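Me: I would like to go through this model slowly, one question at a time. Could you help me read it?

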Amino acid sequence: MALKKKKNKIGRNDPCPCGSGLKYKNCCLRKKGPIDLKGLYFQKYRIRLKERADIEGIRKAGRLVLDTFHLLENEIRPGIITDDINTLVHEFTIKNHAIPAPLNYRGFPKSVCVSINEVVCHGIPGKQVLKDGDIVNVDITSILNGYYADANQTFFVGTPGPDARKIVKVARESLKRGMSMIRPGNTLGDIGWAIQKYAEGEKCSVVREFVGHGVGFEFHEAPEVRHYGRRGEGIPLIPGMVFTIEPMINLGRKEVSILEDGWTVVTSDGSLSAQFEQTFVVTEDGFESLTPFNL
């Protein structure tokens, strides 16, 4: 959905953005003078609301992320090594005058995360060969003209088995359930609640240790976007908030372990894990995905 010209309007019956738990009409609306939402959200939550020009910058970075995925779609097949995926992402990003955000981020050695089967996230590309029946998650973040956009998708490698089909279906639908809760007046807790309720209803589990996050000016900003939670809890959503939703869904238990490389996260029980992620902006009447792809 496109942003309207009028920004940061709060309905009288919406939750007050100060976090008091009261309706806006019974809280900050009573105070004299207009409420400075941008200042309030930064002071209280360290959230930096984005202006129209910022959102357009993130959207352009998002288009590059999607173009990179389109490049990869025909390349992910049995026999390709994960380092080849890294090379494709790195070279395409640089060719388009952008920077691969993961490279050297807190010491991460590659330009993209490639996570296979039981690897939940932060898989380091290397000599591993993709095999028929694998699932592989590719997580791409590009920096274009100073703006960050972040997305990931899980792909089938060759012909998937029933477990692979199920976990990818549940992970895909989990993102859809989460994004359906984005609108002014809802809270971050509503997003987590929708994802958790659906995924656990499908006898899968939601990883707790890794969350979505604000993005745009930096790789990771406030707020944290948990993929579990309770309705009505957490920070109220208002126009100008930009964040990712990226539920990591396990076919088995929710517990994870980190390998000796300090990065690679795997399911503790060896079960399959899948993930889908997009970058969203809250608009006056809902949301817009800045990295949209079909779900």
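This is a predicted model: local features need pLDDT of at least 70, side-chain atom pairs count only at pLDDT 80 or more; totals for chains, interfaces and linings use all residues.

Me: Is Glu75 buried, partly exposed or exposed?
Reply: Buried means under 20% relative accessible area and exposed over 50%, with partly exposed in between (1.4 Å probe, protein chains only). Glu75 lies in the loop between α2 and α3, helices and strands being DSSP runs numbered from the N terminus (helices H or I, at least four residues; strands E, at least two). Because its relative accessibility is 27%, Glu75 counts as partly exposed.

Me: How are α2 and α3 oriented to each other?
Reply: Helix α2 (residues 52-73) and helix α3 (residues 82-95) pack with their axes 10 Å apart, at an angle of about 140 degrees, where axes are lines fitted to C-alpha atoms, for helices over the stretch in contact, and angles run from 0 to 180 degrees between N-to-C directions. Angles under 35 degrees count as roughly parallel, over 145 as roughly antiparallel, 65 to 115 as roughly perpendicular and the rest as oblique. The two helices, α2 and α3, are therefore oblique.

Me: Which residues of α3 make the contact with α2?
Reply: The contact has two sides, and α2 brings Leu64, Asp67, Thr68, Leu71 and Leu72 to it. On the side of α3, the residues are Ile85, Leu88, Val89 and Phe92.

Me: Within what arc do the buried residues of α1 fall?
Reply: In helix α1 (residues 37-45), the buried residues are Leu37, Leu40, Tyr41 and Tyr45. Seen down the helix axis, they line one face of α1, because the directions from the axis to their C-beta atoms fall within an arc of 95 degrees.

Me: How many disulfides does the count come to?
Reply: A disulfide is taken here as a pair of cysteine sulfur atoms within 2.5 Å. Cys113 is in no disulfide, since the nearest cysteine sulfur, that of Cys121, is 7.6 Å away, and Cys204 is in none either, with the sulfur of Cys121 as its nearest at 17 Å. By this rule, the number of disulfides is 0.

How values were computed: Residues are numbered from 1 along each chain as its sequence is written. Side-chain values use heavy atoms; hydrogens and water are left out. Contact means heavy atoms within 4.5 Å.
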